[in-house]
Amino acid sequence: MTMSRMTRPAPGEPAGKAPPADGGGPTLSGAGGSKRRVSAFREHSVLPGFGLSMGVTLVWLSGLVLLPVGALLLRAMELSVSDLWALGVQDPRVLAAYRLSLLASLAAATLNAVFGFILAWVLVRYEFPGRRVVDALVDLPFALPTAVSGIALTTLYARNGWLGAPLDQLGVRVAYTWVGIVIALTLIGLPFVVRTLQPAIAELDVESEEAASSLGATRLQTFCRVLFPTLLPSLLTGFALAFARALGEYGSVIFIAGNMPGRTEIAPLLVVIRLEDHNVDGAVAIGFVLLVAAFVMLFAINVLQAWSRRYQGT
């Protein structure tokens, strides 16, 4: 069995001759003149070690993600459907926690979509003193422990805090209310929107803006009809990432929420409370519902990213 080689065109044969019907890839010739394509995995690679690196990747991914998720699913399968429904959905306290987590995460992601868009636009389009410092501060929620951010927000918005005291005089309470939960979730979700939008804003075609302006379009018309449709896929992706992050947040919320059952108690906190009460089945049921919600959000994020790639490629 010999590897067929590419040959130069014979004298008089046109140099631009179309490749063979099999795609022109490497082939193996066997008995009877039959040919078959060589698998792409068997071709020589400039970067060796595919088998080893793939094995390490699968082992590492399995240990960190697949095994814990699989353990939760197996434990949830030990419960009957009626038990899962009663412990994870039907309980009024659990429903209140779901409602608060969902609505607070949605409000925080919406705020981040609006103000994160403005922040990303300013950081990309304008030069001003301290721009690099502001850009670095956007990543602070990534590096700051969530418990530290929760304590800081509670100190700031408590009744005797720097901002909580004047707000309390106006009759507005932030700490230990749903408002404080939204602020905490907004803080941890802001980087996702800003970092998703910045590359898209940087790649905007300035000539399109100039063309719209030369045709008599106002700044608002240029933004709404030229710029915003291009940035919409990235904005939706950042919104979905911020929403998914806020939905599972725990550390920064427990200090400022007050954790009152039925009022300021979020779903991740309720899982911990169930475990502290030695109610493992209740914790597993709530965790299973949150896991399903996480898979739905992951699917939505991937759909938005695929749509963004197709939209920007056209």
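Q: Before any numbers, what does buried mean here?
A: Buried means under 20% relative accessible area. The model is a predicted one.

Q: OK, how much of the protein is buried?
A: Buried residues make up 31% of the 314 residues.

Q: And what is the accessible surface of the protein?
A: About 19900 Å². Carbon and sulfur atoms account for 67% of that surface.

Q: How many helices and strands are there?
A: The protein has 13 helices and three strands.

Q: What about contacts between residues at least 6 apart in sequence: what share join residues at least 24 apart?
A: 71% of those contacts do.

Q: Let's go inside. How many residues are in the largest nonpolar core?
A: That core has 23 residues. Trp121, Leu197, Ile201, Leu204, Leu231 and Leu235 have the most contacts inside it.

Q: Which elements give two or more residues to this core?
A: Helix H3 (92-125), helix H8 (178-202), H10 and helix H13 (280-313).

Q: Which of them gives the most?
A: H10, with seven residues.

Q: New topic: helix packing. At what angle do H9 and H10 pack?
A: About 140°. H9 covers residues 206-214, H10 covers residues 219-247, and their axes are 10 Å apart.

Q: Left-handed or right-handed crossing of H9 and H10?
A: The crossing is right-handed.

Q: Which residues meet there, H9 to H10?
A: Ser208, Glu209 and Ala212 come from H9. Thr222, Val226 and Leu227 come from H10.

Q: How does that contact of H9 with H10 split by class?
A: It has three nonpolar, two polar and one charged residues.

Q: Now Arg274. Where is it, and buried or exposed?
A: Arg274 sits in helix H12 (residues 267-276). Arg274 counts as buried, because its relative accessibility is 9% and the cut-off is under 20%.

Q: What does Arg274 touch?
A: Asp91, Arg93, Val94, Asn279, Gly282, Ala283 and Ile286, not counting residues up to four places away in sequence.

Q: And Thr154, buried or exposed?
A: Thr154 is buried, at a relative accessible area of 12%. Thr154 belongs to helix H6 (residues 146-157). Beyond four places in sequence, Thr154 touches Tyr176, Phe255 and Ile256.

Q: Jump to H11. What is the relative accessibility of Val253?
A: 1%, so Val253 counts as buried. Val253 is in helix H11 (residues 251-257).

Q: Which residues is Val253 in contact with?
A: Ile181, Ala184, Leu185 and Ile266, leaving aside neighbours within four places in sequence. Val253 and Leu185 are 68 residues apart along the chain, yet their C-alpha atoms are separated by 7.4 Å.

Q: What does Ile254 touch?
A: Asn259 and Leu269, not counting residues up to four places away in sequence.

Q: How many Å between Ile254 and Pro268?
A: 9.6 Å, C-alpha to C-alpha. Ile254 and Pro268 are 14 residues apart in sequence.

Definitions and conventions:
Residues are numbered from 1 along each chain as its sequence is written. This is a predicted model: local features need pLDDT of at least 70, side-chain atom pairs count only at pLDDT 80 or more; totals for chains, interfaces and linings use all residues. Side-chain values use heavy atoms; hydrogens and water are left out. Axes are lines fitted to C-alpha atoms, for helices over the stretch in contact, and angles run from 0 to 180 degrees between N-to-C directions. Helices (H or I, at least four residues) and strands (E, at least two) are DSSP runs, numbered from the N terminus. A crossing is left-handed if the near helix is turned anticlockwise from the far one by less than a right angle, and right-handed if clockwise. Contact means heavy atoms within 4.5 Å. Ala, Val, Leu, Ile, Met, Phe, Trp, Tyr, Cys and Pro count as nonpolar, Asp, Glu, Lys and Arg as charged, and the others, Gly among them, as polar. Buried means under 20% relative accessible area, exposed over 50%, partly exposed in between (1.4 Å probe, protein chains only). Accessible areas come from the Shrake-Rupley method with a 1.4 Å probe; for residues, only the protein chains shown count as cover. A nonpolar core is a set of buried Ala, Val, Leu, Ile, Met, Phe, Trp, Tyr and Cys residues joined through side-chain atoms within 4.5 Å.
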